[in-house]
Amino acid sequence: MRKQIVAGNWKMNKTFSEAETLITDIADALDEVDLKDAEVVLCPPALYLEMATDVAFESNFKVGAQNIYPEDSGAFTGEISPLMLKDLNVSYCIIGHSERRKYFHETTEFLKRKADALLKHGIRPIFCCGEVLPEREANQHFEVVQKQLAESLFHLTQEAFQEVVIAYEPVWAIGTGVRATKEQAQEMHAYIRGLIAARYDGATANEITILYGGSCNGKNARELFEQPDVDGGLIGGASLKTEEFLQIVTSL
Ligand code: PEP
């Protein structure tokens, strides 16, 4: 059975003490929730990963990073390797986020290397894909997502691919307050599952977790998560407030 996941992408927010308070508040709140087989993943800034994994050790959530460099070690000033994440018990890492594609010019080829580097160390990539507004308006959104998946992930073996989590994040919905409708989300998620079935097989497609991301909040999460191919969410802004994040988690 595929896993339902709510992952919080904190981006570049919170001081250390604010992050510590938020993580412990969320951990305490999660103690009261029966997650069944679902998973909560918190992705704080890299500086706070060690603190987060310490709290996670006795709590009901996993820790994810927001970025890596696709080498184990070496002369890459300022970068963090998947080996370092593994050493800290980090379970997931976001790759392909539209902010990194846009501001850091990350290409599909570079993301392919990142996926390989993470999987080599047993860290599950949360692979973001999605179209910008002009692409949706030109009805190119399916083609765009197909290319992103094919160029960065579809070289993986079936065994490796099964460890990947996909997050469909229409770029026009990220941080804008304008989210995809439940029909738009379901349509794209079903399309992605179809691509996976064509590349691998139906059983693999059925096992893959596909998250929705983009202005998902406590009020709209339930109707998105109720869609048959939406397995949870990647949450930005709304993951920075304990109550709202918990509302999203309990919408699964
Ligand atoms: C994100 O950046 O991954 C995201 C989904 O942001 P927001 O929820 O703030 O739109």
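Author: Happy to! Helix H4 and helix H7 (141–152) each supply at least two residues of the lining of the second largest pocket. Helices here are DSSP runs of H or I with at least four residues, numbered from the N terminus. Bear in mind that this is a predicted model, in which local features need pLDDT of at least 70 and side-chain atom pairs pLDDT 80 or more, while totals for chains, interfaces and linings use all residues. Residues are numbered from 1 along each chain as its sequence is written, and side-chain values use heavy atoms, leaving out hydrogens and water.

Of the elements, H4 gives the largest share of this lining, five residues. In all, 16 residues line the pocket, and those nearest its centre are Arg101, Gly130, Val132, Gln148 and Val171. A pocket is an open set of points on a 1 Å grid over the protein atoms alone, where a 1.4 Å probe fits and protein lies on both sides within 12 Å along at least five of seven lines; lining residues have an atom within 4 Å of a point. The space inside comes to about 320 Å³, counted as what probe spheres set on the points fill, with points joined across faces, edges and corners.

For context, the largest pocket holds about 560 Å³.
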